[in-house]
Each structure stands twice: as C-alpha cells, then as structure tokens.
Amino acid sequence: MDQAHEDQGASSKVVLEPESVLRPQNIRPLDLQGLETSSLEGSTNSSRRTVSQTSTEEYCQIPFEEFSLQVKQLCEQLRRTQTYPGYSDDSAGQVDIQSTESAKPSSFNEFILEKMKGGGFNRVIGIDVTDSRNRVTDINRFVLRVPRFNHARLDRDVAALRFVRRYTSIPVPEVVMYDFTKANPLDSPYVIQTRVQGHDLQANPGPNYYPNLSHSQKCTVAKELGRMLREIQSVEHSSPGLIEAASGDESCQNYIVRHLDISTLSYIEEEPDLTTKLPFFQPCVYGVSQSTSEELSVQRNDFEKSTYYFLLVQFGRLRASELRKDPAMIGWCDDYERLVTMAKQMNDLDLLGDGRNCLCHLDLNTAPRNIMARIRPDKSLAITGILDWDSAMFAPRFAGCVPPMWIWAWAPDDEDEDESYANDTPATPEQQELKQLFEEAVGPAFLEFAYRPEYRLARTLLQFAIYGIRSGEDVKEVNSLLNDWAAMYEIYTAEKDYPDERSEKIFESAEAEGDETAKELDDLKTESSFGGSQE
C-alpha cells in the first residue's frame, strides 16, 4: 500500500530553443475556460518516506538527459499545432490557458524543462514557457506527468481532477492537455497540468516545512485543512467506487462511479464480466436526478448498498483472483476468510459506519506532503493546492476520517505518528489550540469516526479490501489487525451471540448464473468465513 511522492524539487534544467517542428499527433486540448492557477500535480504515499533520487534507475527508464530530447520533440509538436501550454494567440482561435485577468503575451521565446523528483507511478517534468520578454510567470508554469507502468489509467486521473474542481472549491491541479495513447514523441500517454504556487508542508529542508512554521501559520493550516476535509466529505454517492468519465466523454465532464479494480503486485487483474452477475457491479451515474439514476442502474436493496456487502464482494473477488492466478496461494486466501469474519462481526455490532459513502482523498490526512502553501509578504500562510487525487474514490465515511495528528503532535521525520494516540491531550497549550481549531473546523460528522479505536481498525480492514494482501508485510499486518480486533470483540460480545442471517444473500445472483466466478465466490460461504468465532 506504500506509494511514492513526487516532489517539486528540481535537480536540473534544459532550455529548448525554437527549431524544426514535427507533425501533430493525437493531441487533445481541453476546454480551459476559467482556469485557476493555484494547482499542480502530485502522487500518493502512505508514510513520510521520500523517494530516492535514483527512482529513474529503479524503474529501468532512460535518464532525464535522454528523455528530455523526447519532451523537447513534444513541445515542438505542440508549438506547431499552437496547443502548447502558454499559447495565447486568440486571433488564431486556439486554446488560451491563462486567467482572463492576466496580461497575455503575444508570443514566447522558449520552453524550459526542469527535472523533478519522480514518484512510484509517474515521471515528472516541469515545463516553463517564457513570454516575449523572456519572463516566466506563474500562469506559464506547468507539469508533465508520464506514467511509469503500462497499466496506468490516466483517464481516471484526469476524471478525478476535473470532478473535484467541478463539485468542490478545493484548489487542485488543472489539466491543460493530455494524450491517452502512445502515438506521440514520448511513446507514452501523458498529462500536462498547471503548476502550483508555493511548496509542500513536508519538504525538509524547505521554506514551508511544517515544524518550522509560526504558531499563527500552523493555526491557519489546522483551520483550512479542517474546512477542506469537511467540504470533501460533503460530496456523497450511493456506492463506493472509482470516479471515471462517462463512456464516450473524452472531455471528462460527465462521470460514473464504478467498482474497484483488483490489482496484484505487477498488473491489474482481468476478471470475468461481473456486471450482469451482481448488482453492485452496475456503474452508477453521478450527478443525475434520482428518477433518472433508477432508470440507468440496477435497483439494489439496503443490504446491497451496505458497507458490509461491499467488503464481502471485495474480499470474495480478491480471494477468487488469487486462486485463479495461483492455487498455491490458498494460504493468503485463508487470510481473506478471516477478514470476512471480522467484517461480519463488525457489521453485527454496527461498527461499519453510517452507511454513507463520501468522496475521499486517501493520502491527505496522514502527512502534509500533498498540501501546498506559500507565505505571503505579511508572513501569513495561504494553502494554494491539494495534490495527488489519483487515489480519490467514494468510500465509507470513516475511511476519510483519519485524524491528522501531525497538526498538533508532529513526529520526527524518521517516524510515523501512532493513530492510537491521536486523541490524547496534546502536551502544550499551543498544540491543544491547534487540535481544537481543527476539530471545530472539520465538524462532528468527521469526529464521530476519527478517534474511536473501532474505526481505526475498520479503516485498516477497508484498506485490505481495496488493495488486497500483496506482501509478507501485509500478512503480518493482517495478523496484527485480527489480534487487535479479537481482543476488542471479546469485550464487546461478552456472553452475547450474533447469528448471521444475511450473508448468504450476496451469492444469490452469482449462484443463479452458475458460472465459474459464482463457484469461486461460493467458497466464502464456509462456516469459518461467516459463522466461526475469532480464535
């Protein structure tokens, strides 16, 4: 579940002078009216660890000096088609990516490429476009993202960013242009986005390194992050799932929410078509009226809309995937059965949340690597952007309620905060004020699931339902999770019995089809999965 951060730090620059042009290929400029400039791309991580400077070597990709020649060709191609970032000749009827309040240069002098720290999923190149006076302004600074892996889904990244911009006021990267094919000088899909102003709050050394901020600046962070998390969670949907552009909508303006992919360590698992087998797999249209939604998607009862149902489906899919890939993985499949038992027990105790699915940024609360800010001349702080929406999805509300205890209890850089101590009274009056300001801003709906240990365990359970068991370390974490839950469950259920009356329903549609997938899912109906006690 560990993913890498793509930082803004530069290690070298290449200046590209105008020269011969190439034939344009498959370039998709977007409608960019009303572009905001306080945005940039980012990527994900689950800890504070930074990415090595040798990430290009780690992923067996060509070095920046060679790759920059391909980027140069792309820039020249975009120059020829007059769709490059920063182009502003309105008389030619082309795309203007600048703010309407900005002065528009009539021409430009050069592109300047900047090597940026790569992450676990994308190479990142900065592109600055100088104007006719050889200046680079904030509105002409961009970021090129190129995926490291063939299975990357840049279409989802674009859809997620545009979705967040449409339905919230959160400052996020604006997609300038993209190509989802390999028919371009990079021989790879790519996305170009605007570049945020400022620096992230985790970079050390860095001008905005959070521990070095003044107390007043930290108070701004506490209040603003609380407000943003409250707004993010106000965006709800009936089902958990990924955000995608509706079929045939290349501009990513209309959206559906679809079930999660099942991934392994090296690829996305291709499953048998389940859209006709289980109601959960019917994509749900976002942002339409209830009556229209009912016509476009299969009706589901309350059980099929529950978090418990979602967990059962996910663990069943993961188990079936492992058995298809390698029957010798039966040991890990047993771990999925144990997680199903935990899910059943939590559901019986009404500990799987309030049944509402909210928009979640799964890599925002645990550390400030994805929070960009700048210090104004008067020394006040402004948050200029939230990065890394690649992991955005709709999930049970409790998933997004991880308490950001780094705000009031920053741990050393070589350590991660222990969430079990998040609700302890902070050591100093200043830290106590930071915690109070955050809690007042984020609101009671968030706090209901933030600190209770039951929901800390539920979040870990959900992580395994989303990402699966993918390593020996994950197996250890599963065992630790189940041991913690067993101790908690014993306290909850002393001398009480909670019979299972609903789990069988999940398999009715699949059994009716009688296909191989139904047979694999049926294995989950064992007594150890649904009725056994946790030993």
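The following dialogue explains how to read several features of a predicted protein model.

Trainee: What is the mean pLDDT of the protein chain?

Mentor: The term pLDDT denotes the predictor's confidence in each residue, from 0 to 100. The protein chain has a mean pLDDT of 75, and 66% of its residues reach 70 or more. Residues 1-11 have a pLDDT below 50, and this stretch has 57 contacts in the model beyond near neighbours in sequence; a contact means heavy atoms within 4.5 Å. Residues 288-298 also have a pLDDT below 50, with six contacts in the model beyond near neighbours in sequence.

Trainee: How many helices and strands are there in the protein chain?

Mentor: Helices (H or I, at least four residues) and strands (E, at least two) are DSSP runs, numbered from the N terminus. The protein chain holds 14 helices and 18 strands. Of its contacts with a separation of 6 or more, 75% are between residues 24 or more positions apart.

Trainee: How is a pair of helices such as α10 and α11 described?

Mentor: Two packed helices are described by the angle between their axes and the distance between the axes. Here the axes are lines fitted to C-alpha atoms, for helices over the stretch in contact, and angles run from 0 to 180 degrees between N-to-C directions. Helix α10 (residues 453-467) and helix α11 (residues 472-492) have axes that come within 11 Å and cross at roughly 145 degrees.

Trainee: Which residues of α10 and α11 meet?

Mentor: From α10, the residues are P453, E454, L457, T460, L461 and F464; in α11 they meet D474, E477, V478, L481, D484, W485, M488 and Y492. By class, this contact of α10 with α11 has nine nonpolar, one polar and four charged residues. In this scheme Ala, Val, Leu, Ile, Met, Phe, Trp, Tyr, Cys and Pro count as nonpolar, Asp, Glu, Lys and Arg as charged, and the others, Gly among them, as polar.

Trainee: How many disulfides does a search of the whole structure find?

Mentor: A disulfide is a covalent bond between the sulfur atoms of two cysteines. The criterion applied here is a pair of cysteine sulfur atoms within 2.5 Å, and a search of the whole structure finds zero disulfides. For C358, the closest cysteine sulfur is in C360, at 6.3 Å, which is too far for a bond.

Trainee: Is C358 buried or exposed?

Mentor: Buried means under 20% relative accessible area, exposed over 50%, and partly exposed in between (1.4 Å probe, protein chains only). C358 is buried because its relative accessibility is 0%, and C75 is also buried, with a relative accessible area of 3%. Buried residues make up 54% of the 535 residues in the protein chain.

Trainee: What should I look for in the backbone angles?

Mentor: Most residues other than glycine have a negative phi, and most peptide bonds are trans. In this model the peptide bond from N204 to P205 is cis, with omega near 5 degrees. P205 lies in the loop between β8 (199-200) and α4 (215-233).

Trainee: What is the phi of K379, and where is this residue placed?

Mentor: K379 is not a glycine, yet its phi is positive, near 75 degrees. K379 belongs to the loop between β16 (371-375) and β17 (381-386), and counts as exposed because its relative accessibility is 59%. D388 likewise has a positive phi, of about 65 degrees, although it is not a glycine. D388 sits in the loop between β17 and β18 (393-396), and is buried at 2% relative accessibility.

Trainee: How can positions along the chain be set beside distances in space?

Mentor: K379 and Q217 are 162 residues apart in sequence, and their C-alpha atoms are 8.1 Å apart in space. T130, in strand β4 (residues 122-131), is 20 residues from E110 in sequence and 5.7 Å from E110 in space, C-alpha to C-alpha. M116 lies in strand β3 (residues 108-116); M116 and F64 are 52 residues apart in sequence and 9.6 Å apart, C-alpha to C-alpha.

Methods: Residues numbered from 1 in each chain as written. Predicted model: local features only at pLDDT ≥ 70, side-chain atom pairs only at ≥ 80, totals over all residues. Heavy atoms only, no water.
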